[in-house]
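Student: Could we go through this structure together, one question at a time?
Tutor: Here it is.

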Amino acid sequence: MKPRWLVAIGSLIISFVGAWSLYRRHASNAFIPRPSASRPLAQITPEGALLYIEAKDFSSLLSDWNNSPEKARWLESDNNRVFSESRMLLRLRRFYENFAVAAGAPPDTRFVSDAAGKESIFALYDIGQIEFIYITHLPSAGFLNSVLWQSRNKFQPRSAAGHPFFICNDKSSGQLVAFAIAGDYLLLGTREDLVAHALEMLSGQSGRNLQQEEWFSRALSEAPATSGDLRMVLNLKKIAVAPQFRTYWIQQNITEMQGYVASVSDLYRQGRVYREERVLLRKSPPGERNETQDQTQSSLSTASLLSFVPPSSGFYQIKKCDPKEAANILEQRILSPRVSSDITQSRAPQISLTAGEIGSESDLDTRIDVAPPLSSEKSAALRQQFQQANAQAFLIVQGTRRNHDNVLLTIPSAMVVAASNDWNPEALQSALQADLGSGMTVATLGVGWKLVHGKSGSASDYFESDGIRPIQLAVRGKLLYISTEPEMLEAMLRSNNSETLPAGVIYAAAFNHRQERQNFYNLTSDIDRSAQSASTWEKNQPRFFSQNISSLSQTLERLESEKVVIRQSKDTVFQAVTYQWVE
């Protein structure tokens with residue numbers, strides 16, 4: 001799972017559904033019996049939730065967001081424009097409107113701010129129907145002037161554990177809104193039983209709560225001892241099979257996500273650094289293995305590769321792998337990089353059955369000047385070298401560069417492969433010569449190797465192919481270096497990065513947003529310009545890369561960099577995502 005976790009039903013639906021739950025918390029009263037002593041809010045949250053979000057100080061988080069330049073920029077962005085027309089938001093907007101009718105007040109910004117207390121939780125029980133309960137710690141006197149409290153006369157009174165609460169069921173939409181004030185707690189939900197049950201547990205009565213569920217308690221047992229400013233807990237066993245998740249989960253790795261039972265994500269804000277700690281629990285441990293020593297050696301190899309990352313790199317990726325995967329990555333990124341399609345398709349292809357015609361004028365657009373994929377026979381020698389060296393981890397470094405004429409952008413790549421055995425330089429050169437020659441020339445003409453003396457002495461010497469697209473190669477014992485740009489290879493040979501990775505790491509990556517974002521705008525403008533949309537509707541939409549995604553990047557212009565580190569134990573995956581912000 002390429003560390004990008006948690007955003008989807010887990011992030012998208014949560015953010016919006018969560019936000020809306022926030023709107024409607026103003027009801028109840030200050031002159032009712034006070035609940036028993038304060039308890040963790042998870043202990044008064046009814047069982048059965050799919051998603052649980054807890055904030056230490058929700059009102060401060062909301063205030064920071066409302067006053068941030070990122071919010072102002074995003075509301076004016078193309079990214080927000082496209083999102084506002086998405087099917088998901090249209091469905092949520094319908095819920096928003098139904099909720100406003102049932103509550104008797106629009107859930108606008110003021111509505112949310114008035115209802116935001118300090119310790120707060122939001123628990124979602126049904127994604128399709130958006131059934132939830134929201135509980136926040138807030139002095140009840142603050143609700144006396146709220147719109148929701150002022151409209152309580154349209155609600156029907158109810159009582160649970162001696163606490164009055166109010167419900168309104170709009171018959172036209174079927175939307176129910178229930179709220180209560182119990183001492184300094186505000187409760188708001190879309191199911192009567194959820195609010196009633198929470199009030200009973202808040203008063204000290206026994207009852208099944210979320211913390212008693214096995215998936216929830218197991219997830220918290222693996223989470224950091226101190227929760228973050230925000231904590232999100234997901235019941236992935238149920239969420240990953242929900243139709244809404246399959247439709248809206250942006251990562252599209254549905255099958256992979258179904259291998260987990262639960263997850264916890266904590267967000268910590270510390271000045272310029274935001275850190276997200278994630279824990280994912282597998283349904284069952286991966287296949288038992290006996291090669292404990294090999295696994296330990298592989299993790300050490302993965303961690304050691306960080307020292308070869310040049311300080312000026314725009315992007316790097318470190319990953320534990322097997323020889324086959326390392327060879328595949330080398331071919332895809334270095335030896336034979338290619339774009340899978342010339343035109344970006346935004347709609348499913350139209351297929352028409354014919355009476356046996358074998359061609360049409362559209363066939364004239366078929367590309368015939370692209371080198372065929374490397375055959376397994378041609379690359380067998382290279383793959384054999386990776387097997388013999390027993391490749392265990394690789395590092396990929398990339399970044400955008402201006403051409404020598406300062407007109408076009410290129411994306412050079414460099415790779416370091418760590419193995420458990422020493423590499424054979426001569427055999428590698430022969431294997432690469434055959435591999436490169438199969439797609440570039442005949443009789444291996446133009447793919448010979450020559451020794452190049454580096455600028456930093458013999459320690460930076462390397463070999464370079466003499467073809468029209470040179471490849472640089474260096475071997476240092478168990479390390480193989482290969483690059484498409486001499487400067488990048490020499491930088492990796494000289495690099496002595498002092499950063500370290502934790503034990504057991506299987507993946508690490510980082511992106512320098514501040515350094516690369518302007519080149520991204522320039523490059524994607526050319527890409528989108530060459531992929532014109534076909535329909536009138538598509539032509540009126542912001543171009544995906546150069547306008548939609550670029551506007552999101554511009555919204556987050558204060559974000560300097562992002563770093564992801566993943567490690568795992570027998571049945572648990574730990575992810576740490578660090579966001580560095582500019583002063």
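Student: Which residues does T578 touch, not counting residues up to four places away in sequence?
Tutor: This is a predicted model, in which local features need pLDDT of at least 70, side-chain atom pairs count only at pLDDT 80 or more, and totals for chains, interfaces and linings use all residues. Residues are numbered from 1 along each chain as its sequence is written, and side-chain values use heavy atoms, with hydrogens and water left out. Contact means heavy atoms within 4.5 Å. Beyond four places in sequence, T578 touches V273, Y274, R275, S561, E562 and K563.

Student: Where is T578 found, and is T578 buried, partly exposed or exposed?
Tutor: T578 belongs to strand β22, residues 572–581; helices (H or I, at least four residues) and strands (E, at least two) are DSSP runs, numbered from the N terminus. Buried means under 20% relative accessible area and exposed over 50%, with partly exposed in between (1.4 Å probe, protein chains only). T578 has a relative accessible area of 25%, so the residue is partly exposed.

Student: Is I396 buried or exposed?
Tutor: I396 sits in strand β12, residues 391–398. Not counting residues up to four places away in sequence, I396 touches F315, Y316, Q317, I329, R333, A414 and M415. Its relative accessible area is 0%, so I396 is buried.

Student: How far apart in space are I396 and K319?
Tutor: In sequence, I396 and K319 are 77 residues apart. From C-alpha to C-alpha, the distance between I396 and K319 is 8.9 Å.

Student: How far apart are the end C-alpha atoms of helix α20?
Tutor: Helix α20 covers residues 544–555, which is twelve residues. The expected span is 1.5 Å times one less than the number of residues, so α20 should span 16 Å. The model agrees with this, as the end C-alpha atoms of α20 are 15 Å apart.

Student: Which helices do the buried residues of α20 pack against?
Tutor: In α20, the buried residues are S546, N548, S550, S551, S553 and T555. They pack against α3 (69–75), α4 (78–84) and α18 (513–529).

Student: How many disulfides does a search of the whole structure find?
Tutor: A disulfide is a covalent bond between the sulfur atoms of two cysteines. The search looks for a pair of cysteine sulfur atoms within 2.5 Å. In the whole structure, the number of disulfides found is zero.

Student: What percentage of the residues of the protein count as buried?
Tutor: The protein has 20 helices and 22 strands. Of its 583 residues, the buried part is 47%.
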